[in-house]
Amino acid sequence: MITELLLTDFRSYASARLETTGGPVVLVGPNGAGKTNLLEAISLLTPGRGLRGATAQDMGRREPGEAEGRAWAVSVRLDGDVRLGTGVQGAGAARRVVRIDGEPAPPGRLLDHLRPVWATPEQDRLFSDARAERLRFFDRLVFAADPDHAACVATYEKALRERLRLLIDAEDGRKADPVWVDALEARLADSGARAALSRASALAALQAEVDRRADRPFPQADLGLDGPAERMAADGAAASAIGEMLTAGFRAARSRDGAAGRSLYGPHRTDLTAIHRAQGRPAAEGSSGEQKALVLNLILAQAARLREQAARPLLLLDEAPAHLDEARRAALFDEIDRLGLQAFMTGTEEDLFSALRGRAQFVRVTPGALQA
Ligand SMILES: Nc1ncnc2c1ncn2[C@@H]1O[C@H](COP(=O)(O)OP(=O)(O)OP(=O)(O)O)[C@@H](O)[C@H]1O
């Protein structure tokens with residue numbers, strides 16, 4: 001639980017400080033005031049690029065006319081007095097560093113203290129978006145509960161890029177070393193099989209949470225992973241069997257991948273599917289409000305799952321109530337209460353949060369400043 005947040009030269013904030021009490025925090029302010037910037041700052045207290053997927057260079061505050069962002073820092077105090085911090089050390093620096101209690105630490109260690117989960121307006125079209133976006137969204141859910149998953153996906157993606165380079169070279173008449181291609185495909189099969197197993201077990205756990213929530217006014221989804229490796233994993237296959245299947249698949253795809261200049265086979269092509277249960281239709285056909293409610297239900301299921309693992313979830317909801325009808329809005333707030341979650345929520349109108357009066361801390365956000 002965050003008890004204090006400090007921002008220095010982060011996006012639109014020269015310097016800002018917010019003390020929180022542990023319950024929900026409602027950030028209200030006009031467009032462009034800096035509400036999302038604040039959520040983004042908190043989302044950097046976990047490995048990765050945060051809720052905007054931005055680079056560290058973009059995050060440093062720039063005055064009009066300045067070409068380069070300044071050195072910036074975000075830090076929070078948690079209950080128990082632990083301090084987590086992140087930022088870059090020089091103007092325009094690309095690599096953000098992490099500190100825990102003032103000492104440099106690998107980013108993965110942040111997960112020992114906090115697991116932020118977020119919902120953003122961009123996810124309103126998650127199910128009609130590009131497949132890769134959806135898989136990235138799902139992989140983040142997997143990763144929050146199973147931190148090894150990120151390293152596994154990173155190993156896979158690196159080997160995939162190297163293999164493709166060799167195959168394109170071979171297509172251009174330069175001889176690719178077949179032993180090296182074999183070695184990369186062995187690495188792809190191994191990391192791909194492990195990733196598929198993690199995804200399949202995360203999907204089963206999320207589906208169980210979603211099913212347990214039948215009494216809420218959120219639409220329920222029947223989730224699936226559309227990819228041969230994940231299907232084998234869901235059917236109980238061992239990593240070695242999935243790896244063998246992938247090895248054969250990569251080998252068979254070599255010349256096609258080289259000719260296309262793209263990796264057309266493998267678990268990076270897996271899709272997250274969702275059927276709107278009550279309607280019996282793919283979620284992609286739903287309105288953006290319905291997709292939003294469906295995604296929020298997944299996020300809440302995820303928070304509940306993390307909570308069960310004592311993994312300290314924290315909810316970041318950017319403009320979540322804006323597209324929800326009143327019943328769903330009330331259900332969202334009740335759920336946050338019920339799970340005892342610290343949630344940071346943004347909106348342009350205070351009225352959207354009126355049901356939270358007395359239960360939440362309201363903060364007015366004006367450009368560059370916060371006021372309790
Ligand atoms: N690196 C930066 N330096 C200075 N200002 C920045 C930087 N990056 C973004 N901003 C400013 O932050 C503001 C946007 O803030 P933010 O996206 O948090 O707004 P918001 O309150 O969420 O608005 P909305 O309600 O429209 O979503 C813009 O005015 C933008 O110019």
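In which loop is alanine 310 found? Alanine 310 sits in the loop between helix H8 (288-308) and strand E12 (313-317). Helices (H or I, at least four residues) and strands (E, at least two) are DSSP runs, numbered from the N terminus. The structure is a predicted model: local features need pLDDT of at least 70, side-chain atom pairs count only at pLDDT 80 or more, and totals for chains, interfaces and linings use all residues. Residues are numbered from 1 along each chain as its sequence is written.

Most residues other than glycine have a negative phi. Alanine 310 is not a glycine, yet its phi is positive, about 55°. Alanine 310 counts as exposed because it has 7 C-beta neighbours inside 10 Å. A residue is exposed if 12 or fewer other C-beta atoms, placed from the backbone, lie within 10 Å of its own, buried if 20 or more do, and partly exposed in between. Glutamate 319 also has a positive phi, near 55°. This glutamate 319 lies in the loop between E12 and helix H9 (326-339). Glutamate 319 is partly exposed, with 19 other C-beta atoms within 10 Å.

The domain assignment gives domain 1 (1-114 + 313-372) and domain 2 (122-311). Such bounds come from an automatic or database domain assignment. The contact takes 15 residues from domain 1 and 17 residues from domain 2. Two residues are in contact if their C-beta atoms, placed from the backbone, lie within 7 Å. On the side of domain 1 that touches domain 2, E12 and H9 are the elements that give two or more residues. H9 gives the most, with six residues.
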